[in-house]
Amino acid sequence: HGGKKNKMDKKTEKGNVYLQEKQVQKFFSDLNSAVFQEKPEDPVRFLVEYVKKTYFSAPKIILAGPPAAGKGSLAEHIKEYYNVDHISTGDILREQVNSGTVIG
């Protein structure tokens, strides 16, 4: 019995580490807090809307400034924080110039 229990303990430990690394426990804790705070009439509908609004609506941000002002560095931080794409018009234009296209 000791070997089976030890394997289960290791699986549980690995699972807990995974959940913590991926912030799954924090996610569910945030959901519980939101429901308890709002006490909505329809908690399931509330949670669906809450998740959409909180986790899937990234801001649209435009960074403008002179060369070497730190736009790219800031964009990388924003990209990681919000888990969004970073589109650099400067990179796109340079690529077009280097490719000799009509746009470049």
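Contact, in this tour, means heavy atoms within 4.5 Å. Helices and strands are DSSP runs numbered from the N terminus, helices being H or I of at least four residues and strands E of at least two.

The model is predicted: local features need pLDDT of at least 70, side-chain atom pairs count only at pLDDT 80 or more, and totals for chains, interfaces and linings use all residues. Residues are numbered from 1 along each chain as its sequence is written, and side-chain values use heavy atoms, with hydrogens and water left out.

**Whole chain**

Start with the protein chain in cartoon view. Its secondary structure comes to five helices and zero strands, in the pattern α-α-α-α-α along the sequence. The chain is more spread out than a compact globule, because its radius of gyration is 23 Å, well over the 13 Å that the globule rule gives for 104 residues. That radius is taken over C-alpha atoms, and the rule is 2.2 Å times the number of residues to the power 0.38. Along the principal axes, the C-alpha trace spans about 70 × 45 × 25 Å.

Now colour by accessibility. Of the 104 residues, 9% count as buried (buried is under 20% relative accessible area, exposed over 50%, partly exposed in between, with a 1.4 Å probe and protein chains only). Among contacts between residues at least 6 apart in sequence, 12% join residues at least 24 apart.

**The loops on either side of H2**

Select Gln 23, in the loop between helix H1 (2–21) and H2. Gln 23 has a positive phi of about 60° although it is not a glycine. Most residues other than glycine have a negative phi.

Go on to Lys 39, in the loop between H2 and H3. Lys 39 also shows a positive phi, of about 45°, and is not a glycine. The residue is exposed, at a relative accessible area of 65%.

**H2 against H3**

Select residues 24–38 (H2) and 43–55 (H3): these helices pack at an angle of about 120°, their axes 11 Å apart. H2 is therefore oblique to H3. Axes are lines fitted to C-alpha atoms, for helices over the stretch in contact, and angles run from 0 to 180 degrees between N-to-C directions. Under 35 degrees counts as roughly parallel, over 145 as roughly antiparallel, 65 to 115 as roughly perpendicular and the rest as oblique.

Show side chains next. From H2, Phe 27, Asp 30, Leu 31, Ala 34, Val 35 and Glu 38 meet Phe 46, Leu 47, Tyr 50, Val 51 and Tyr 55 of H3. These residues divide into nine nonpolar, no polar and two charged (Ala, Val, Leu, Ile, Met, Phe, Trp, Tyr, Cys and Pro count as nonpolar, Asp, Glu, Lys and Arg as charged, and the others, Gly among them, as polar).

**Val 51**

Finish at Val 51, in helix H3. Is Val 51 buried or exposed? Val 51 is buried, with a relative accessible area of 17%. Leaving out residues up to four places away in sequence, Val 51 touches Phe 27, Leu 31 and Phe 56. Ile 61 is ten residues from Val 51 in sequence and 21 Å from it in space, C-alpha to C-alpha.
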